[in-house]
Amino acid sequence: MRDIGRFLLIVGIITVLLGLVLWGGFAPKWLGRLPGDIRIERGNSVFYFPIVTCIIISIVLTLIFSIFRR
């Protein structure tokens, strides 16, 4: 049980640090603006869903976790 707790703590800390970096404006300019990301603007409302960005991030995280699993 201690290993799972330690793993969750490390993942949480990394997530918070990454969130702070992205929130601080240090994100790459292309992140969230890839071809295939959905953006609909009508009047005063905007709907934005970065589907391609989510797929890319998912693939990268899957590769990283598969490397650490071995």
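A salt bridge is a side-chain nitrogen of Lys or Arg within 4 Å of a carboxyl oxygen of Asp or Glu, and a search of the whole structure finds 1 of them. The structure is a predicted model, in which local features need pLDDT of at least 70 and side-chain atom pairs count only at pLDDT 80 or more, while totals for chains, interfaces and linings use all residues. Residues are numbered from 1 along each chain as its sequence is written, and side-chain values use heavy atoms, with hydrogens and water left out.

**Overall build**

- The protein chain has 2 helices and 2 strands, which follow the order α-β-β-α from the N terminus on; helices (H or I, at least four residues) and strands (E, at least two) are DSSP runs, numbered from the N terminus.
- The radius of gyration, taken over C-alpha atoms, is 16 Å for the protein chain, whereas a compact globule of 70 residues would have one near 11 Å; the globule rule is 2.2 Å times the number of residues to the power 0.38.
- Along its principal axes, the C-alpha trace of the protein chain spans about 50 × 25 × 20 Å.
- Gly 43 and Ser 66 are 23 residues apart in sequence, and their C-alpha atoms lie 44 Å apart in space.

**Surface and burial**

- Of the 70 residues in the protein chain, 4% are buried, where buried means under 20% relative accessible area, exposed means over 50%, and partly exposed lies in between (1.4 Å probe, protein chains only).
- The accessible surface of the protein chain comes to about 6,600 Å², and 71% of it belongs to carbon and sulfur atoms; such areas come from the Shrake-Rupley method with a 1.4 Å probe, and for residues only the protein chains shown count as cover.
- Thr 53, which is found in helix α2, counts as buried because its relative accessibility is 6%.
- Leaving aside neighbours within four places in sequence, Thr 53 is in contact (heavy atoms within 4.5 Å) with Leu 31, Gly 32, Arg 33, Leu 34 and Asp 37.
- Gly 43 sits in the loop between β1 (38-42) and β2 (45-49), and Gly 43 counts as exposed because its relative accessibility is 80%.

**The salt bridge**

- Glu 41 and Arg 39 form a salt bridge in which the closest N and O atoms are 2.7 Å apart.
- Glu 41 counts as exposed at 53% relative accessibility, and Arg 39 is exposed too, with a relative accessible area of 51%.

**The nonpolar patch**

- A nonpolar surface patch of about 1,200 Å² is made by several residues, among them Met 1, Phe 7, Ile 56 and Phe 65, and the elements that give two or more residues to this patch are α1 (2-23) and α2 (51-69).
- Patches are made of residues with over 30% relative accessible area and no salt bridge, with like charges joined within 9 Å and nonpolar side chains (Val, Leu, Ile, Met, Phe, Trp, Tyr) within 5 Å.
- Helix α2 gives the largest share of the nonpolar patch, 7 residues; Ile 56 lies in helix α2 and is partly exposed, with a relative accessible area of 39%.

**The aromatic pair**

- The structure holds 1 aromatic pair, and the rings of Phe 7 and Phe 65 have their centres 6.5 Å apart and their planes at 65°, so the pair is edge-to-face.
- The pair links distant parts of the chain, since Phe 7 is in helix α1 and Phe 65 is in helix α2, 58 residues apart.
- Rings of Phe, Tyr and Trp (its six-membered ring) pair if their centres lie within 6.5 Å, and planes under 30 degrees apart count as stacked, over 60 as edge-to-face and the rest as tilted.
- Phe 7 is partly exposed, with a relative accessible area of 45%, and Phe 65 counts as partly exposed at 42% relative accessibility.
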